[in-house]
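Let's take a look at one strand pairing here, then step back to the whole chain.

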Amino acid sequence: MVEKAEFHGFPKLTRRSFLKASAATLAVAAATEKLFAGPKVLEALGSGGGQSAGEDVWIPTTCLGCAAHNKCSLLAHRVNGVLVKIEGNPASPVNQGRNCAKSNAAIMTLYNPYRVKFPVKRTNPQKGPGVDPKWAEISWEEALATVTEKLKKVKGEDPRQFVFIIGHGGNQDVDVVRPFAAAFGTPNVIFGGTAAACGGGSSPFNDWVNGEGHARADMRYCQFFINLGANSQQGAKGHSDEIQAFVEARERGLKVVNVSPLQSPSTAKSDEWIPIRPGTAGLFIMAMVNVLLHELNVYDGQFLKRRSNGPFLIGEDGLYLRGDHPLVEDPVRREKLGKPLVWDPVEAKAKAFDDPTLKDLALEGTYTVKGMTCRPAFQVLKDHVREYTPEKAAEMTTITAATIRGLAREWAEKAQIGSTITIDGQTFPYRPVAIIAEQGAKCHIDNYMVMMAAKLLSLIVGAVDCPGSAKAAATPTMTVNPADGVRQCPLSYTPIKFPPEHLSLQDLNPLGGYPALAYVTMKDPKAYGLPYEVKVLGIFGGNPQALLADPDLVAEAFKRVPFIFAISYTFDEPTEQADIVLPESSWLERYGLSPVMPHNSYTEAFKSKGTAGTSLRQPVVKNLYNTRPGNELLMDLAERLGVLYGKGGVNERLNASLGLKGSLALDPLKKYTWEEITDIRLKASYGSDRGLDWLKKQGIIMKPAYPVKQYYGATKYPDLRVPIYFEEFVVFRKWLAAELAAKGVRRKPSNEFVLESYQPLPIWRPHPEHLAPAGFDLYCINYKTMQQHYGTNTDNAWLMEWTAAYDPYAMRIWMNADTARKKGLKDGDTVWVESFTGGKVQGQVKTSECVHHEVVAIGACFGNRSANMFPMARLGPHFNALNRLSEEYLDPLTFNIDRDTRIKIYKA
């Protein structure tokens, strides 16, 4: 039985009371009944009429209820023109006929009365949170002509003055924003809010070590899983096929250990919960590595010798010691270099790593080669982790030294070093242990370090891309660096540029990173040396005010922009500051394609149905309102601006990004609907007889299953080495130090701090929140709820009503019960949470034993500030208001946000 949550103090919000209260504050003074009216089709149905009388059909489509990479295939039930039910499509090997609450409730996304229903323009020149835009309905022609006029002016002056923000809502099918921006001539494409805390640290290391930007535990064969900040049954990693694999693995006996500051639904399905102080995950992992190498002396010697760069000799300068010849072009280091040397202990001499006369390869020891002292990379690692003792880690992580030692011992035992397994006649190395570090662990200023440490824990026991280990989600794809035989570094060093050109200051960050700083520079471009100001801002599916940090700063930055247009489904915070709103059709009213592939284990469903394919998203009802697909709107704008056709136009750029060639390439001189582009994409992948008309009936198409050996890097790339020593960072550090000095660039908090982040092995140093002033005695963290994933569904009536009624934590301030008692707080108390950086939010306390005694937890994406969204979207504290957008609070290698903060809490 589900216990119903009592939300004392939360007003009972109806549409009538919301409009009444909003009118009093001028928030929606101009909101007419037409703006918030329900769809006519439902009115007709309710009165006994309806469209298409006698109709009763099921239509295959694909879910966009969350931002998960492996979309669930659906069947939508339409009766008399009205969508009445959504179920899973059994044809899909992903969800196999099942679906979750998000797709079930998508009916209320479609029939949301607070949707943007027609083009509108702002008639109130004042902007800001809570300022009534005084929307006026306009025609599509007026809307598009106005946007085109503003963009043409900017294009003629300086295209960089145009900035386009895109988010998951606008990037779920094909990214047309980047081709559009490139054809227009602006470098300023800003990926919404979530990216600044998302894949910046994990994606490069997953790609580098596993051959794909996402890594997963191979649940079908795993025996010991450490879940480190990865809400594997709830967040973006909670795909249907992964959850099913997890359930089956638990039934089989998989042991799961969750290391997290709070118990989530994922943690509740674990064998053990180990509370950890926020921001100390890297230190915890390195202590485990210390125990393995210095106390247990456990490592996979054969793997390290033959499949890693562990034997490569490292000089005192941190670089590979190399032979004199032959010289080989290195695409990462951008020069011809000799091959890395290793030490042959049998012949007691240094040789090239691929010398056919090698008798053995040393992993340990100190040697003198060419008059220089050197050590194998594995020895360097071993020496490096010596200082990260369990006792030192215990002081900061709050995890006892005994617990760390016990976990390391179990990791060593369960790794089964030297064992093999045969699957479908193919023999693999078998290392059934996996660690996945995600949002909770990596969203800090040591983003890269946490991911590097997690990879090392797996690498030293050989648990990489083989059955039971952490592996590439889907099929690994790797390139060997010809100069050293190691998996080629996916990171590319770009020389820094000053003054910067890109609004996000990525020009000052040689590894790129995410655009969290764009809103800081948008507010005051001259302070950062930018030679232009933003004059036109476009928004498509991104909401940095809700998903990033510092919403007041972002709103102020928006106020400085003379003209804003938004392609929007709902009147969220950025849309509320727009001058023109172009209404987008819901995902149940438009076309799109989603890839289908195994993101976890190579299950029987994928073996039988195929291991790569495509699922169709198609309209399940006719457009309810005067809306259009967002990508098609971009094509319209491109044509009006003269950047759709010809050389360098959007069509040509889409051909390149979609891989369309020959007779199935888009004609550079023709305009297409999105339906036509979808048809061309399908025929290019599956043949002329498998276009859109065919897939409309089937819903999903799969290619034949590939052999299981292609699914694991250990057998797909048996001779490729992966790094345990990331030498490229030493090279990058030298380059960056020289550039910073030559160009007079000063980074925050200091150039020295930034340069120290370029490490070939992980380090740990205190974060800003660990050094907060006295009085800020608790940590505040952010977590996801499954039903409001990435904030996608905070305006969905069913999901929000369910959350308010049955989830007692989601919209509360969750804190440890004993800590609350000591502070004189109890359930239902209204409190202020104040960050050491100046942010402040109010909410109601919910006490529990299921949270670290130093931690306060606030759910993600609640507390929307827009007055024109579904009223319940405004409930709950707004976590991101606690954080500040400033370079000293970002990972210096990625510009990822340090997501946690130090706070004090007191009664309101």
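## A strand pair

V342 has K351 as its bridge partner in β16. That strand covers residues 349–352 and runs antiparallel to β15, with 4 bridges joining the two; strands pair if DSSP finds at least two bridges between them. Strands are DSSP runs of E, at least two residues, and helices are runs of H or I, at least four residues, both numbered from the N terminus.

In a regular strand, side chains alternate between the two faces of the sheet. In β15 (residues 341–344), L341 and W343 sit on one side and V342 and D344 on the other, and all are buried. Buried means under 20% relative accessible area (1.4 Å probe, protein chains only).

## About the model

This is a predicted model: local features need pLDDT of at least 70, side-chain atom pairs pLDDT 80 or more, while totals for chains, interfaces and linings use all residues. Residues are numbered from 1 along each chain as its sequence is written, and side-chain values use heavy atoms, leaving out hydrogens and water.

## A buried lysine

K305 lies in helix α11, residues 301–307. At 15% relative accessible area, K305 is buried. Setting aside neighbours within four places in sequence, K305 is in contact (heavy atoms within 4.5 Å) with P311, D360, L361, L363 and R721.

## The whole protein

Overall there are 30 helices and 34 strands. Of the 908 residues, 64% are buried. The C-alpha trace spans about 90 × 70 × 60 Å along its principal axes.

Technical notes: Buried means under 20% relative accessible area, exposed over 50%, partly exposed in between (1.4 Å probe, protein chains only).
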